[in-house]
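Subject: Structure handover

Hello,

Here is the structure I said I would pass on. My notes on it follow below.

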Amino acid sequence: MEGKHECRTLQLTDEIALNIGENELLVGIEILDATEVLGAGNVPNVVLENISFTVA
């Protein structure tokens, strides 16, 4: 995609933030210190509650 794109950040914890783009679409997930937060090689289940979203 070309051009300028803006999103807002929804901070879940000090380490985890969601990037919400146009039309309230989830466009990214930021995880600081991911190895420490997620564990080495262990990806946990993520449940998002009370967040409106649209499947693209």
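From the N terminus on, the elements of the protein run β-β-β-α. That comes to one helix and three strands, where helices (H or I, at least four residues) and strands (E, at least two) are DSSP runs, numbered from the N terminus. This is a predicted model, in which local features need pLDDT of at least 70 and side-chain atom pairs count only at pLDDT 80 or more, while totals for chains, interfaces and linings use all residues. Residues are numbered from 1 along each chain as its sequence is written, and side-chain values use heavy atoms, with hydrogens and water left out.

The strands

Strand S1 covers residues 8-11 and pairs with S2 in the antiparallel sense over four bridges; two strands pair if DSSP finds at least two bridges between them. Thr-9 has Asn-19 in S2 as its bridge partner. Four residues lie between S1 and S2, and the two strands form a hairpin.

S2 also pairs with S3 in the antiparallel sense, over five bridges. Here Ile-16 stands opposite Ile-31 in S3. S2 and S3 form a hairpin too, with five residues between them, and Asn-23 in the turn has a positive phi of about 60°.

Burial

Buried means under 20% relative accessible area, exposed means over 50%, and partly exposed is in between (1.4 Å probe, protein chains only). The areas come from the Shrake-Rupley method, and for residues only the protein chains shown count as cover. Of the 56 residues in the protein, 11% are buried. Why is strand S2 described as largely enclosed by the rest of the structure? Because four of the five residues of S2 (residues 16-20) are buried.

Leu-10 lies in strand S1 and is partly exposed, with a relative accessible area of 31%.

Charges

How many salt bridges does a search of the whole structure find? It finds one, a salt bridge being a side-chain nitrogen of Lys or Arg within 4 Å of a carboxyl oxygen of Asp or Glu. Glu-24 forms a salt bridge with Arg-8, and the closest N and O atoms are 2.5 Å apart. The pair links distant parts of the chain, 16 residues apart: Glu-24 is in the loop between S2 and S3, and Arg-8 is in strand S1. Glu-24 counts as partly exposed at 42% relative accessibility, and Arg-8 counts as partly exposed at 42%.

Asp-14, Glu-15, Asp-33 and Glu-36 form a negative surface patch. Patches are made of residues with over 30% relative accessible area and no salt bridge, with like charges joined within 9 Å; Asp and Glu count as negative. Asp-33 sits in the loop between strand S3 (26-31) and helix H1 (34-38). Asp-33 is exposed, with a relative accessible area of 52%.

Regards

Methods. Patches are made of residues with over 30% relative accessible area and no salt bridge: like charges are joined within 9 Å, nonpolar side chains (Val, Leu, Ile, Met, Phe, Trp, Tyr) within 5 Å. Accessible areas come from the Shrake-Rupley method with a 1.4 Å probe; for residues, only the protein chains shown count as cover. The place of a charge is taken as NZ of Lys, CZ of Arg, CG of Asp or CD of Glu.
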